[in-house]
Structure formats: C-alpha cells, structure tokens
Amino acid sequence: MNYKELADLIFPDAKEISYYEEKYPRRNLPEGAVVIRVAPSPTGNVHIGTIFQAMVNRKVASQTGGVFYVRIEDTDQKREIEGGITQIIQSLKDFDIEADEGMINETESKGEYGPYRQSLRKDIYQAYAKYMIELGKAYPCFATPEELEEIRAKQEAAKVRTGYYGVWAKYRNLSLEEMAEKIKAGVPYIVRFKSNGREDKKIKHKDIIKGNVEFPENDQDIVIIKSDGLPTYHFAHIVDDHLMGTTVVTRGDEWLSSVPLHLQLFQEIGFKAPRYAHTPTLLKNDNGNKRKISKRKDPEAAASYYQEQGIPSLAVKEYLMNIANSSFENWRRQNKDASIDDFDFQLNKMSVSGALFDMVKLNDVSKIVVSRYTAQEVYDESMKWAEKYDNELVEMLSNKEYSLKVLGIERGNVKPRKDIAKWSDVKDNIIYMYDDKFLNSEQEYPYQTINEKQEINKILDLYIEKYYNENDDKQTWFDKIKELSGELGYAKEVKEFKANPDMYKAHVGDVSTVLRVALTGRTNTPDMYEIMQVLGKDSIIKRFEKAKN
RNA sequence: GGCCCCUUGGUCAAGCGGUUAAGACAUCGCCCUUUCACGGCGGAGACAUGGGUUCGAUUCCCGUAGGGGUCACCA
C-alpha cells in the first residue's frame, strides 16, 4: 500500500489536479493588477463589515486594473439560510457595488473561474485533497467526537495546548495498511492535513495593513475535508484563491491568527500564496466597552438597516471610506463635487485598530451628501424609499411637479441647507407645504413674542390687504414686511429695537415669525420668501384664514 | 489560560526622535441672520502606565494595565 493507492481508495472518482490547473489558467493581467474578492457566507443579514470590505476591494481592483469577484462560502450547510445569496447580491446592489465576476443570483454567476459557490466545487476540493494524500501531506483520521473530547480533557488536565497535533494526533501515524483496513471496514473518517510545523519555531509575515507580525508555526493537523465531503474554510481558501488567481486576500482581522496555517498550506501544496490584508473590525460602544458590531445584538450591523432607515447608501460609503482612509475627509473637502470613485484609496493606509462606528458622524456625512443632491435626486431617492416604507410620503410625492419645487427650496445654493440626513426625514421636513395635509389637520401655532390673537389677526389681515404681492422680488418682499412692521408700531430693524426697546412693541423679526407660524405652523423653516413663492397666493390666503379661526 | 494584535481629546484620526501635538464629528461661547439651518470666529478637551535607549521621546526597546482577536468536522 502506498500513498497513491490510499488516495485512490478515499477519492476513487476524483480527477487529477492537472485537469483543473488547465481548466483555470493563470489570469493574464497587467503588472500590478490586483485580483481580490469578498467571500461572505449566506447566513442571513449581510453584515455592514462585508459591505465595507466589498467597497474597499472594488476600489483596489478598479484602481489597479484588476478583478473584483464575489465568492459564496457555503460549506457549512447548517448555518446556511434560504435566499442567503440573493440577500448578499441585493445588499451589494443597494450600495452600488458591482463585481466583475461571481454570483449574480441564487444560482447563476458570471466569470470564467466558477463555480463561485463553494458547495458546487466539491469535486475540485476532493481532487486537491486527494493530491495532498498522494503527497503524504494529508491522511484519513478516524477520531470520533468522543475521542476528540477525551483528548481535549487529557490536555486540559495536563495543562498543555489543546488540539490535534503531535503525539496527540492518534491516527496520524497509523500505517497505510491500517488506514485502508478501517476505510474498507466502513469506519467513518475525515481528512486531516499532516502538519510538519513546530510550535517552538516562529514564522514572520508581512500583512499589508497590520505590518510585520510574528507567530508560532502551525503544528495542528487541521481538518481539510469534513465528514460531509465538503472542505473546511482553510482548505477551500487555499484551493479557491489559488484557482481563481486571487492576489490579495482582504478579510477581517479575526483571521490574522490563522495566517501561519494558511501560508503553510500554500507552501505544502506548492502554490504561490496571495498577500494578505487584515482589515480592522467595526466596533461599537457597549456600556463603556468596545465590542464587535454583532449581527445578533445590533440592528446597525445589518447592511439592510441603512436602507430601512433611509440613510443614503452613498453617505454610508463615504463614512466607511473615511474609516478606511482618513485622508478621505480632506480629499472630500477639496473635491466637493467629485465622485467617490475618484478618490485614491490605499489599502496599506488603513487603520490598524478597530474603529467605533459613529452614528452621529454618519449623520453629519449624510447631511452633506444629501445637500449636494439636486431636487430631482432627492425626489427620486425619497420616492424609492417611501415606496417601501412610507405610504403617506408616496402620496405627497406623487404630486411631482409641486414636490420638486418644495424640495428645491434653498437647494443648489452655495451654502445649501443641510437639514435632510435620511429619506425618513423628508416627510417631516416638507409635510406642512402640502395644503391637503396642512389645511385639513388640527394645527398647533407656536407663536412666540407676539401671541395675542387680536394682534396676530391684525398683522395677517393688513399684510394681505396692503402689502402682499406674489410678484415681488425678495428684496421688495422683505421691505414690505418692514413697512408692515413700522405701520403697526414695530421696529423695522432688529438693531434699532435692541438700541431702543421701549419705543417699540417688538421688531420685524417677531412680525416675520407671526407670518411664518401662521403659514407653516412652525417656528423653524427654510427661507420664507421661497416658501411663499412655492405655496402661491391662494394657499397663503387659506392658511391665514385657518390661522385666524 | 496559551498565542497574537491594539492603546493620541467623548468619537474618528494626523503624526514616523526635536511640532505651540493637525483636522473632522460632537460639545460650549460669540458673530452673521426675519426663524432654523448654513457659514465665520473662538473656547474647553488627548499622547494608558512604569522603566530604559538618547542631548532629547507621543514617536524606538522592555515590563505592567486595559481593550480586542483566536484556540471547532463555523466561517
């Protein structure tokens, strides 16, 4: 019995690896082109960290003329959920991130290096596992869960490292004949890597983000093929990233400690290892402690949360880009209207340690992003959001021509208003502009300094009768409010009032506030001139009448 | 517990042996202004800690503390 015969016994149907090596030739790309991927598991709610990862990868690939692809890591059937792939694809689409290759829906993919779904690559992994056995670098292991538990218990009692390694690897040194015998007898087994690493020796690695790190060599005989015939992450990583030609692996830094294993695997199987970039984790503050944003506990961990809240995906991307490369913020200030795609992202400039996800800052970024949008864009995005989450807003927006005017108030100025951070803010921001909402509802009038009914009515009446003209330009319009103020015994200028408070009842600002409140039911609104222009004379008169009653 | 990574204001962060230790968000005050927002000006606020090395450490080395990760037939 030799290794080859053992390998044939275990994987009688597996192809030679040369078949796959030829089927998936090395990519022909220009010098410096980076092939990079995001490899999520279809386990439900897509994590915002996956989006972070994908965004960064997309940039790296684009900037270097490389390839960005999506690979689905579904080798753990227990955790898989139905429609998981669709969710991932949808989330990427929501954030406007397009892959060059990979899954495009639950079953289909694009690109020449597929399947891009690991559960469909079983034959491939088995061929390479067989190859490992032929090389004498992998072997069948017959340990039952109970035996493994027993080994662990002994190790803990002896206060030594736990795991399946060295003298503890009880099936590692079975003779080939013994192995074959058990297999023929139908004893269940899995396939393990036969590690020649030594725990007392160090391995150095230069990570693109973390820099130089040093670890003990791996000496664990880790499982490469599970009892269901599918590979573990470690083995799938080696085979897939080799075959798919990945040049840079970005992944969360929880993987950093398995770098020695992966490097060892690449070396033992004889493939060139990719470079690694371990990205920092997104954290959140939990009672004074930092911790990883968790899918289970934190709604904001889900990529879909941002859609639901109506936070523009561009805002989320700008915020994340800021975390990725802090120079982004400066660049953005200098290139206010440039596309985020033009920013020169540097993987190696990424922060080494995890950042607390700051919703307040996101909100600020979002306000700026939205302030750059045209009325039409705000309209389209709000409508898209409202169609899923807010019927009343849909109803309001369905009056498109009018809504565009409303959303256009103080938009496009040099210093645009920044009062919308989320699409869910829009309704409250504009609802008072709609007559059918405003006139037909019970209305609060939070008058301020001037608050006597009689006086208010006098102001409203006189304004309409004598001063209001819808064709006035802004200056004339405001001059008239000053005139109105003067006629009724209010100071025409605030400064004048402040200098001589006893000579006047109040000042022009207070009069304006009366008009504003009567018109909108609010003390805080955008520019009143523009509001009145949009409202038009009929509406203004109706609103004043309502206020008087 | 073993191994590994990290530690600059409340938060995100520049900084690579000599700086008055940037900037952004948040916060406070003032100004602009018919309100709010925007904008402008200004304030408060930081190098976890103890040892080295050095003429000089936020920056380099070691220890300590704190935080995080990882030790599966999960990824």
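**Close-up views of a predicted model**

**View 1. Glu-73 pairs with Arg-71 in a salt bridge.** The closest N and O atoms of the two residues are 3.0 Å apart. This is a predicted model. Arg-71 has a relative accessible area of 0%, so it is buried. Glu-73 is buried as well, with 8% relative accessibility. Side chains of opposite charge can pair when their charged atoms come close.

**View 2. A salt bridge joins Lys-384 to Glu-381.** The N to O distance is 3.7 Å. Both residues belong to helix H14, which covers residues 375-389. Lys-384 and Glu-381 are 3 residues apart, so about one helical turn separates them. How accessible is Lys-384? Lys-384 is exposed, at 53% relative accessibility. Glu-381 is partly exposed, at 27%.

**View 3. Lys-505 meets Glu-455 in a salt bridge.** Here the closest N and O atoms lie 2.9 Å apart. Lys-505 sits in the loop between helix H21 (494-499) and helix H22 (508-520). Glu-455 is part of helix H19, residues 453-467. The pair therefore ties together parts that are 50 residues apart in sequence. Lys-505 is partly exposed, with 47% relative accessibility. Is Glu-455 buried or exposed? Glu-455 counts as buried, at 13% relative accessibility.

View 4. Across the whole structure, a search finds 49 salt bridges.

**View 5. Strands S13, S12 and S14 make up an open sheet.** The sheet has 3 strands, in the order S13-S12-S14. Its pairing is mixed. Which strands stand at the edges? They are S13 (289-292) and S14 (355-356). Each has a single partner strand, so one side of each is left without a neighbour in the sheet. Strands of a sheet pair through backbone hydrogen bonds, either parallel or antiparallel.

**View 6. Strand S12 runs parallel to S14.** Strand S12 spans residues 282-286. How many bridges join S12 to S14? There are 2 bridges. Leu-283 stands opposite Leu-356, a residue of S14.

Definitions and conventions: Residues numbered from 1 in each chain as written. Chains lettered and ligands numbered in written order. Predicted model: local features only at pLDDT ≥ 70, side-chain atom pairs only at ≥ 80, totals over all residues. Heavy atoms only, no water. Pairing = 2+ DSSP bridges. Helix = DSSP H or I, 4+ residues; strand = E, 2+ residues; numbered from the N terminus. Salt bridge = Lys/Arg side-chain N within 4 Å of Asp/Glu carboxyl O. Buried < 20%, exposed > 50% of the residue type's maximum accessible area, 1.4 Å probe, protein only.
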